[in-house]
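Please have the viewer open as you read.

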Amino acid sequence: MADSPQSSGAPDVAALDVIIVGGGLAGGLIALALHRHAPDCRFLVIEAGRTFGGHHRWSWFETDLPARARPFMAGFDLNGWDEGYDITFPSLGRTLPTSYRSLASAEFHAKLIAELPADRVMLETKAASLDAGGVTLADGKRLAARHVIDCRPFKPSKVLSGGWQVFLGQQFRCETPHGLTRPVIMDASVDQLAPHGNGAAYRFVYVLPLSPTDVFIEDTYYADQPKMDADVLKGRIAEYAHRNGWKGEVVDQEAGILPVISGGDFNAALAEVAIPGVALAGARGGFSHPLTSYTLPFAVENALAIAHLIAKRPDLSGAELAAFCQRRSKRHWRATAYYRMLSRMLFEAAEPDKRVVVFEHFYALRGALVERFYAGRSTWPDRLRILTGKPPVAIPRAIRALFSSGKPLDIKPLNMETPA
């Protein structure tokens, strides 16, 4: 373990109850929930990077979290907007009233370092292997624990199908106030050309006013291949800033390629990454929204559920915790089946140049329906309403998509340039 102000030395490993491998969103929140709600639990979180959370921004609608879970995020330094948000399409512009929240990984890291005991954190430490009895580090050191929770990143699999959400975002510091008061969650009035010169792709720009002069601009598109041309996306962001009259400099940047899962054999996918007796959480365990790729609401609920269970059952075995997390992941898979069907419609039934019409059709619906959609709590009337009206896809293609096994998500490594 490298010396750093975030880690003060080797913990007392003889008495560990829980080891969390991976200090991203899921792993960091589980550690925080254990610290707050299971105070007798001796846990350790191991992260290979220098900081918690990597270099990301997580955003969510306030209503994505049930009221009982919202206090858990209240202590973070969040960006928040209670004036609603805007969406723009070629033939539609709306302001919807839902409050919106966003958390940068730097603030995520700062909060965890401030609140978690220093001897419960190991940064810049790589885990070589995990098993039901503990973790072996890359340097050969063995750490034993009753419970091991695997929160490492999502692993593509040929038994899962779908597409990809590709994005690059830049924080732009304007010379003068930018004038925005609300987030622009989706500006799809931009051209719909794919960045690789191979036709159309559903594309939109996402904009967050972080301060009177700082604005986060993200260029995003849904693609059939996990490829990114960072220079093209940077150029598009610069063009968008110029079009809005924003002059200034880029002060931060992030990029990513996220899976948009439309189907597959989830049990087989879990079997590929599961380790007997080790609990799975985070995106690796399937906890994301199949169409939007949002993860924070599910990470919060999982963290609180795990912490409350361990506090209630201090004698809980590792196998029992692993089974508990597996039941939650399978329940989540069943509960999000409708959204995977919509994802198949997007990638397989809609022509690439018509994908924007699919989203425009959706955003013309009632605001409360949109809220429930993002939260993964669409009612049956919601689901019927989304599919009614003039279909934005051809009926024969839609029928084929319903019964399709989809395109495998097994392309490795992801073809993403690391932005400078």
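## The largest cavity

The largest cavity of this predicted model holds about 180 Å³ of space. A cavity here is a set of points, on a 1 Å grid over the protein atoms alone, where a 1.4 Å probe fits but cannot get out, and its volume is the space filled by probe spheres set on the points, which are joined across faces, edges and corners. The structure has one cavity of 30 Å³ or more.

## What lines the space

The lining of the largest cavity takes in 20 residues (an atom within 4 Å of a point). Nearest its centre are Phe-154, Leu-160, Ile-261, Phe-266 and Gly-286. Two or more lining residues come from each of β13 (157-174), α5 and α7, and α5 gives the largest share, five residues.

By class, the lining has ten nonpolar, six polar and four charged residues. Asp, Glu, Lys and Arg count as charged; Ala, Val, Leu, Ile, Met, Phe, Trp, Tyr, Cys and Pro as nonpolar; the others, Gly among them, as polar.

## How α5 meets α7

Helices α5 (residues 266-273) and α7 (residues 318-335) pack at about 145°, their axes 11 Å apart. Helices are DSSP runs (H or I, at least four residues) and strands likewise (E, at least two), numbered from the N terminus; axes are lines fitted to C-alpha atoms over the stretch in contact, with angles from 0 to 180 degrees between N-to-C directions.

On the α5 side, Phe-266, Asn-267 and Leu-270 make contact (heavy atoms within 4.5 Å) with Gln-326, Ser-329, Lys-330 and Trp-333 of α7. Three of these contact residues are nonpolar, three polar and one charged.

## Notes on the model

Residues are numbered from 1 along each chain as its sequence is written. In this predicted model, local features need pLDDT of at least 70 and side-chain atom pairs count only at pLDDT 80 or more, while totals for chains, interfaces and linings use all residues, and side-chain values use heavy atoms, with hydrogens and water left out.

How values were computed: On a 1 Å grid over the protein atoms alone, a cavity is a set of points where a 1.4 Å probe fits but cannot get out, and a pocket is an open set with protein on both sides within 12 Å along at least five of seven lines; lining residues have an atom within 4 Å of a point.
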